[in-house]
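Please keep the sequence and the model at hand while going through the numbered points.

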Amino acid sequence: MSQIEVKIFKHSTYVEALNYIVEIIKNRTVSLDIRHILIVPDKYTLDAERRIFANVAGGMDCEVVTFSRMLSTDSGFVPISKSASIMLIKKIILNNKFKAFGVSSNFAGFALKIYQAIMQFKCCKITPNELLLIDDIKLKDIASIYSEYLNYCKKNNFIDSVDKLTVLEHSIAAGLLKDAHVYIANYDEFDKTTSLILQQLSSNCLSLTLSLNANVQVDFLKGDIQTFDRTLKLPNVINCYKALSELDELLSVAKRIVVAKKNGVHFNRIGVVYTGNCNILMQIFGEYGIPINIDSSLLLENFSLCVFVRNLFDLQFHQFNKDSMISLAKSWFAPLTKSQTESFVEYVKKYSIDYKGFLNEWNDKLAESARSSLVTYIHLFFGMVSAKSKAELIKNLKEFFMTHESKSIELSKISGQDMLQPLTAMIKNLDDLEKVMSDSDKLELTIKVFLESLSVPIGILPPKFDAVTVGAPEIFRGADKSMIYLCGFHEGGIQKFAIDDGLIADKQINALKMHNVFLLPSIEEINLRRKIELDNIIFSGVQVHISFIENDSYVRDFYLQQLNKKVELAVYDFDFELNKLNNLSFDMMQLHFCNHVSLSNILLLEKSHDNFRRITNVELRNAMYYALGQKHLVNKYFENTDYQNITNACDLFFVRNNSQSIEAERTVSASRIEEFMSCPYKHFVKYGLRLKELQDGGTNPADIGSFLHTVMEEFVNNNCDKNKVDRIISASLSKHYKLSLDVNVDIKHRAIVEAKKICDIIVSQLELSNFTPLGTEIEFGERGLYKGIDLNGINLIGKIDRVDLNGEYVRLIDYKTGNINFSHKDLYLGKKLQLLLYLDIFIRAGFKPAGSFYFSAITKWDDDDYSYLLKGVFNNDPNVIFSLDKSLCDCQQIEYMEGSKRSTTINCSAVYDKKNGKIKLKPQRDRGVSEQQLIGMSSYASKLCELAVKNICDGFIAKSPLKSTKGLPCRYCPYYTVCIVGGEKSAREFNIKVLNAEQYT
């Protein structure tokens, strides 16, 4: 029977458990002779400390600790850190051979797994001899490492993290906490070691109070147990919505957080449950200006300085291999300038340099200076690590790391990460290395053991006061949040269920049980705890927003299906105040309807849409339609509803919006007409509803194309001066910030190479022709230099990328990215009108048409034979063709080239006729047409635009995408989730033969 007061309180959530303890401490009687000690798991001290100091007045007698932080170590012991324990285990592994663990024992991170297993055994008081009783080859190998580890620690008087708990148990028995009231909160399990500590506490402190989750068992204690029999309460708001991808999830969360901040929610009151790629999250949240505290960790080896060091050691062991050299050159810590790095990498890739090729001199001056600097630096490092003793090696490495301190500080400022932390960690690891390794150990073994210490995880960001918390479910068990976003309810996502194939699987745990040896926790228990953690978040009374991925590669999680049944119990009793909503910003209206999609349902279904008709605020209607348009947000509300009737009701209002801007401004652009011709409903959603395409936060071909477009424009405007190319590229990069991000360094390098090549191509094409640029971004229409086209009272306006002149002849060039071609069929169907439509502008202004072309640039860089031909349609008059490419009229050269020559500028060939000594021109089929045909094609494009404008103004919004030879374009449409009818039946398909130019005259 316990001699002191022991109370155990059970709560439905961990937040309630922590709040209850804080309330008890708040109401304490203050005395300087009595301490109040709150013990929480290691991860939750920050939240507990914030609660104590925010709610407890005069908290000098209060302290928040963990079991591991309570002990003041006796001077007779030598404490060793986690990294030191891992290095010691790595040393044991390298000095032995194992039956179960073959090649895998040499992998980085393997020693960390063995360390975790050994600590689990020690916590449960399981000895190596007990493991040897089991007929399991894996357990026998672990027992061998475990036994040698214990002997080494005993011999050197080392104590690790578990030994400290054992020492703590004895210290409590000796009266360490006899003057303290002890409170324990938020533990989900007590192993045998912590159970013994609790037993000592139950008779060696003033009082013991445990405030725990209802699922935690504490059968080893007896006391006055009071259990709160509370049912799980639903949050104020719970919203489940489907995401198309992981990027879509993070973008959705970022946008909602920005809106919540505008509405007065502090960042530190928001939590994001996420266990995916933190680098992607940091990039997206950074673009939206959201500060974050990531309660996660990266392996030390993933930090820039550690990658740099590992590459240096890799070069020592494997000589000058290509991948390590490129990685080294790109490092922030390399002794190279940006231009040197770019030249070095480009040269290596171009000439496939590897191994000994790095030791020979290169012909490129800048690349050679980079190679020479890098190789010199590497040899200096080799000299440092080729020490005579362990002490000298460690001393040299410490000095080497310290030389990178200033660069680490500089990188910290740029990246927002604490880059001094890995530097400090590596120096500390060297101190541990000195304890673990003896003078008799070989230097190569010492280096390998040190490299293993880089597999230890450390925090990646310093905590910020007002920042969004990001991490796994368990970090929110005591967090006081008002909004929680859960990302990744799909296989391999947030729950990360443990799989029974690890180092210690249930097979080994069950084998131990047969010998009355009990190891906790099992895989089944781990999975159960993870479900409990999620329940704690979802039913903690805050706003919860849950996204899940559901497509061909992901199956909706069974737990989420169960959760949906609970969520259906949440009945929203909304008192819709129209005036209040009218005063909100559009972003807030949009968020309101996304969070309360059932409200939109009621407004549209009740009383034959009377409520909807009462809403006269256009932005409010737009916000509601946006919510309904996100079909994946509202599926569960419309399972028994005719969804089509709802969208049709909205369409009646928005059809007029479709043509409103055209009729009000009396203008239209060519790109808008092309959008309409490809699919009227897509045009309606984009221009009528004004829905914006979702951005994925990364760099896409459009971003690269925009950069290249800027370079081409500026290059031509600077009279194609090659001396200005570098300055133009640098200025263009400053306008496209995504390419300047560290994560896009490779893309930026390739884009710069492509930009330089394009500038050379432009110069060569102009040198081969008689045309000179009139200008770029030439405007036409109301404000332009040239009149637009009158389309039944609507004026066509726009800009032409580039206009070249040769006397009375005009050549138009439209910059594009990717491999794009002119097609008569595309012109006939209206998919590609711009080339000929713009040409008609100049024909009406009195110019003669030489041709209209696409200039397409590469964005994928996977084809070395990419053609930079001007692709389009041109006047087949020989004099015009010769003016487009002068090299085609050189009889002598063509005869020398075996009688034929293909133009490098346009789709045309020249053949030398030996009989009459003349050149015969052969344009590609239907690319070269007569001047009259070219005028007819341009006129046809204008007439097609007149028809399109009439249909837009008449409110035509049919869901009828134009089907091509590759099928429907719907799956690539950014508005795919909004269009709910599209499909084979609604497609427009024209079974026509490939048209030729004669059909237009």
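**Notes on helix packing**

1. In helix H12 (residues 322–330), the residues Ser324, Met325, Ile326, Leu328 and Ala329 are buried. Buried means under 20% relative accessible area, exposed over 50%, and partly exposed in between, with a 1.4 Å probe and protein chains only. These buried residues of H12 pack against helix H11 (304–318), helix H13 (338–351) and helix H14 (365–385). Helices (H or I, at least four residues) and strands (E, at least two) are DSSP runs, numbered from the N terminus.

2. The model is predicted: local features need pLDDT of at least 70, and side-chain atom pairs count only at pLDDT 80 or more, while totals for chains, interfaces and linings use all residues. Residues are numbered from 1 along each chain as its sequence is written, and side-chain values use heavy atoms, with hydrogens and water left out.

3. The protein chain contains 38 helices and 27 strands. Of its 1001 residues, 52% count as buried. Among contacts (heavy atoms within 4.5 Å) with a separation of 6 or more, 76% join residues 24 or more positions apart.

4. Serine 343 belongs to helix H13. Why does serine 343 count as buried? Its relative accessibility is 17%, and therefore it counts as buried. The side chain of serine 343 reaches the backbone oxygen of serine 339 at 3.0 Å. Leaving aside neighbours within four places in sequence, serine 343 is in contact with Leu366 and Ala367.

5. Helix H9 (residues 246–262) and helix H10 (residues 278–287) have axes that come within 10 Å and cross at roughly 35 degrees. Axes are lines fitted to C-alpha atoms, for helices over the stretch in contact, and angles run from 0 to 180 degrees between N-to-C directions. From H9, the residues Leu247, Leu250, Leu251, Val253, Ala254 and Ile257 make the contact, and from H10, Ile280, Leu281, Ile284 and Phe285. By class, the contact of H9 with H10 has 10 nonpolar, no polar and no charged residues. Ala, Val, Leu, Ile, Met, Phe, Trp, Tyr, Cys and Pro count as nonpolar, Asp, Glu, Lys and Arg as charged, and the others, Gly among them, as polar.

6. At what angle do the axes of H29 and H38 cross? The axes of helix H29 (residues 670–678) and helix H38 (residues 931–953) come within 10 Å and cross at roughly 75 degrees. H29 is therefore roughly perpendicular to H38; angles of 65 to 115 degrees count as roughly perpendicular. Their contact has eight nonpolar, one polar and one charged residues.

Note on methods
Parallel < 35°, antiparallel > 145°, perpendicular 65-115°, else oblique. Polar contact = N/O pair within 3.5 Å; in protein donor to acceptor, adjacent residues only side chain to side chain.
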